Amino acid sequence: MKTILDKQQLYLAISRLAHQLVENNINLNEIIFIGLQPRGVQVGAKLMECIKQICPNENLQYGVLDITFYRDDVRDELHVANSTHIPFLIEGKTVILIDDVLYTGRTIRAALDALQDFGRAKKVELCVLVDRRFNRELPIQPDYCGKAIDTATYQKVKVEWDKEAVFLY
Amino acid sequence: MQLSTKHLLGIKDLTPTDISLILSTATQFKEVLQRSVKKVPSLRDVTIVNLFYENSTRTRISFELAEKRLGADTINFSASASSITKGETLLDTVNNILSMKVDMVVLRHSASGAPHFLAKHIPAAIINAGDGINEHPTQALLDALSIQEKLGSLEGKKILLIGDIMHSRVALSNIYLLNKMGAEVMVSGPPTLIPKYIKEALHVQVEYNIKKALQWCDVANILRIQLERQNQVLFSSLREYNLAYGISKKLLDGLNKEIVIMHPGPINRGVEIDSDVADSHQSIILQQVENGVAVRMAALYLLAGNKPIT
């Protein structure tokens, strides 16, 4: 086991991502943040806390999206579905997808599909805490990235919120 | 995480974990059904045949809608317009359909055990949409989801089944499910329509006095009088049944609490349930129908996942 981000680094990374998101999207009314179930949701919640501290007067639009029914591997393995809650129109808005680890890119592919069913976003961006470079199976890259690491396929990256750190197994 | 069974033949074969998994998945599908695009692509590589050897409105439409919402291809088959009138057997019919590369079969049949028989002989996943007087698992699941939504959970809740317990597959599936999920079950109705040893066999309470039974329960699930399954006279007239066991507004007003009213449909208004009860705010009959699509989507989705890659 190897620590990729310890507690301090983790919160620095989240804080940096929050600042980048605000910097690139000055008009926060036009932005919809979407945490991907199950593990992107915690990253999303932490990011929202951070952005609220930076812009205390803004009303942030934050939803969660479950992509279970859009997976391309339903026949190989059944995943338990989680709730989806997007109580706003995404039509014409900029959507920022938030997840913990970007690996093969297949989750994001499914998320893009799922997002289509909610409307036509003006623009979709991707924000991830950890980017496992060189393991991509689809042409998908993050727009905001907490930390990029090089890993082998047999390894596992886990964001553990009880320990407030990211580990490589 | 997956179901412990390859087919959905009855609630009898499911574990409480299976039931919880189906219900929680159905809750997520309910959210999908609220969207403007009420469709997900999970089963777009699956073909499903709906074999209905017996008439149906709700179940059939509900299954077909569930299949379409999951992106599956569907074929509909009804006995009256098919080659079974020429004498083809059930197994031959199904094998012929399967040879056209169909992955799942939804079967309704008037013979109890028909889906179990098919399950032994064909490789496709089978969902029982009602077999004779045996089981109707998806109905029990949608009833459970409706109760759960209304009361928060099933555990410890008092559920009353009223009417034709003897001929009702809805009753049997409900009893299995509610027992597995820790609810208390009571049956009520004319003694001729309640199997003699049901108390011992299925661990339910029996109460012939309808008023006492209603006073006991949190939820009353009123079953249809199934005239088509009765080959002897078990009560003298529909009018008499209505007077003795029909649920009227007056009967409910006489209770010191408000109970939830359910009915699996189709309703015989003025027989087992009066119109003002069926249309009252206590009734969740239409919510049951709504939940039917979500529950069937969950069952289809979870069973299709068990299919080995070919």
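**Ground rules**

I count residues from 1 along each chain as its sequence is written, and chains are lettered from A, with ligands numbered from 1, in the order in which they are written. As the model is predicted, local features need pLDDT of at least 70 and side-chain atom pairs count only at pLDDT 80 or more, while totals for chains, interfaces and linings use all residues.

**Entry 1: chain A overall**

I started with the parts list: chain A has three helices and eight strands. Helices here are DSSP runs of H or I with at least four residues, strands are runs of E with at least two, and both are numbered from the N terminus. Along the sequence I read the pattern β-α-β-α-β-β-α-β-β-β-β.

Next I looked up the radius of gyration, which is taken over C-alpha atoms; the globule rule is 2.2 Å times the number of residues to the power 0.38. For 169 residues a compact globule would come out near 15 Å, and chain A has 15 Å, so the two agree. The C-alpha atoms fill a box of roughly 40 × 40 × 25 Å along the principal axes.

I also noted that 38% of the 169 residues in chain A are buried. Buried means 20 or more other C-beta atoms within 10 Å of the residue's own, exposed means 12 or fewer, and partly exposed is in between, with C-beta atoms placed from the backbone.

Then contacts: two residues touch if their C-beta atoms, placed from the backbone, lie within 7 Å. Of the contacts in chain A between residues at least 6 apart in sequence, 71% join residues at least 24 apart.

**Entry 2: the sheet in chain A**

I traced an open sheet of five strands in chain A, in the order 3-2-4-5-6 with parallel pairing. Strand 3 and strand 6 (144–150) are the edges, each pairing on one side only. The average twist from one strand to the next is 25°. Pairing needs at least two DSSP bridges between two strands. Strands 2 and 4 of chain A have five bridges in the parallel sense, and there I found A:Ile31 opposite A:Thr94 of strand 4.

Helix 3 of chain A packs on this sheet, touching strands 2, 3, 4 and 5, and its direction makes about 155° with that of strand 4. Helix 1 (residues 7–24) of chain A lies across strands 4, 5 and 6, at about 135° to strand 6. For these angles, axes are lines fitted to C-alpha atoms, for helices over the stretch in contact, and angles run from 0 to 180 degrees between N-to-C directions.

**Entry 3: one side of a helix**

Which residues of helix 3 (residues 106–116) of chain A are buried? I listed A:Thr107, A:Ile108, A:Ala110, A:Ala111, A:Ala114 and A:Leu115. They cover an arc of only 155° around the axis, so they sit on the same side of helix 3 of chain A. That arc is the one of the directions from the helix axis to the C-beta atoms.

**Entry 4: a loop residue**

I picked A:Ile86, in the loop between strand 3 (62–65) and strand 4 (94–102) of chain A. It counts as buried because it has 20 C-beta neighbours inside 10 Å. Beyond its neighbours within four places in sequence, A:Ile86 contacts A:Ile34, A:Gly63, A:Leu65 and A:Phe118.

**Entry 5: over to chain B**

Chain B has an open sheet of five strands too, in the order 7-6-5-8-9 with parallel pairing. Its edges are strand 7 (205–206) and strand 9 (260–262). Strand 5 (residues 158–162) and strand 6 (residues 184–188) of chain B share five bridges, with B:Leu161 partnered by B:Val187. Strands 5 and 8 of chain B pair over four bridges, and B:Ile159 has B:Val219 as its partner.

Strand 8 of chain B is covered on both faces: B:Val219 and B:Asn221 are buried on one side, B:Ala220 and B:Ile222 on the other.

**Entry 6: where the chains meet**

How many residues does each chain bring to the contact? I noted 15 from chain B and 13 from chain A. Helix 1 (residues 16–34) of chain B gives the largest share of its side, four residues.
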